[in-house]
Amino acid sequence: MRYCYRCGERIPEDRKILREEECPHCAQDLHCCRNCRFHDPAVSNQCSEPQADYVGDKERSNFCEFFAFTESAASRGGPGSEGESARERWRRLFKEG
């Protein structure tokens, strides 16, 4: 099953993900590193594909030819999900107010 990293909504598996595709639920770019099966924050450049070019903004559409939409349920986004970045959790932890 495919899920948008940002909103956590399901993306139909029969839908081909082109470079300009957006999530029908939140309008986030779908052809981005955060939705790719090779995205891994623990490795160099946050990509486990050694031949991939560096991409600066992991949440924006890019031209990576190795892009493959992740099928992992752990990639689900949305507030409070495991897809939330450590930086976002850190900010929320120390948020004033």
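Student: What is the relative accessible area of Arg2, and is the residue buried or exposed?

Tutor: The model is predicted: local features need pLDDT of at least 70, side-chain atom pairs count only at pLDDT 80 or more, and totals for chains, interfaces and linings use all residues. Residues are numbered from 1 along each chain as its sequence is written, and side-chain values use heavy atoms, with hydrogens and water left out. Buried means under 20% relative accessible area, exposed over 50%, and partly exposed in between (1.4 Å probe, protein chains only). Arg2 therefore counts as buried, with a relative accessible area of 12%.

Student: Which residue meets Arg2 in a salt bridge?

Tutor: A salt bridge here is a side-chain nitrogen of Lys or Arg within 4 Å of a carboxyl oxygen of Asp or Glu. Side chains of opposite charge can pair when their charged atoms come close. For Arg2, the N to O distance in the bridge is 3.5 Å, and the partner is Glu71.

Student: How many residues apart are Glu71 and Arg2?

Tutor: Helices (H or I, at least four residues) and strands (E, at least two) are DSSP runs, numbered from the N terminus. The salt bridge between Glu71 and Arg2 links distant parts of the chain: Arg2 is in strand β1 (residues 2-3) and Glu71 is in the loop between β2 and α1, a separation of 69 residues.
Glu71 is partly exposed at 44% relative accessibility, whereas Arg2 is buried. The separation asked for is 69 residues.

Student: How far apart are the closest N and O atoms of Arg34 and Glu59?

Tutor: Arg34 is buried, with a relative accessible area of 14%, while Glu59 is partly exposed at 28%. The two residues form a salt bridge, and their closest N and O atoms are separated by 2.8 Å.

Student: How many salt bridges does a search of the whole structure find?

Tutor: Another of the bridges joins the side chains of Arg10 and Glu13 at 3.4 Å, N to O. Arg10 is partly exposed at 43%, and Glu13 is partly exposed at 39%. For the whole structure, the number of salt bridges found is six.

Student: How many residues make up the largest nonpolar core?

Tutor: A nonpolar core is a set of buried Ala, Val, Leu, Ile, Met, Phe, Trp, Tyr and Cys residues joined through side-chain atoms within 4.5 Å. The members of the largest one are Cys4, Ile11, Ile17, Cys23, Leu30, Cys36, Phe38, Phe67 and Phe69. The count is nine.

Student: What is the relative accessible area of Cys23?

Tutor: Cys23 lies in the loop between β2 and α1. Not counting residues up to four places away in sequence, Cys23 touches Cys4, Cys7, Ile11, Gln28 and Leu30, where contact means heavy atoms within 4.5 Å. Cys23 is buried, and its relative accessible area is 3%.

Student: What is the phi of Ala27?

Tutor: Ala27 is found in the loop between β2 (10-11) and α1 (86-93). Ala27 is partly exposed, with a relative accessible area of 45%. Its phi is positive in a residue other than glycine, near 65 degrees.

Student: What is the relative accessibility of Leu93?

Tutor: Leu93 is placed in helix α1. Together, Trp90, Leu93 and Phe94 form a nonpolar patch on the surface. Leu93 counts as exposed, because the cut-off is over 50% and its relative accessibility is 60%.

Conventions. Patches are made of residues with over 30% relative accessible area and no salt bridge: like charges are joined within 9 Å, nonpolar side chains (Val, Leu, Ile, Met, Phe, Trp, Tyr) within 5 Å. Accessible areas come from the Shrake-Rupley method with a 1.4 Å probe; for residues, only the protein chains shown count as cover.
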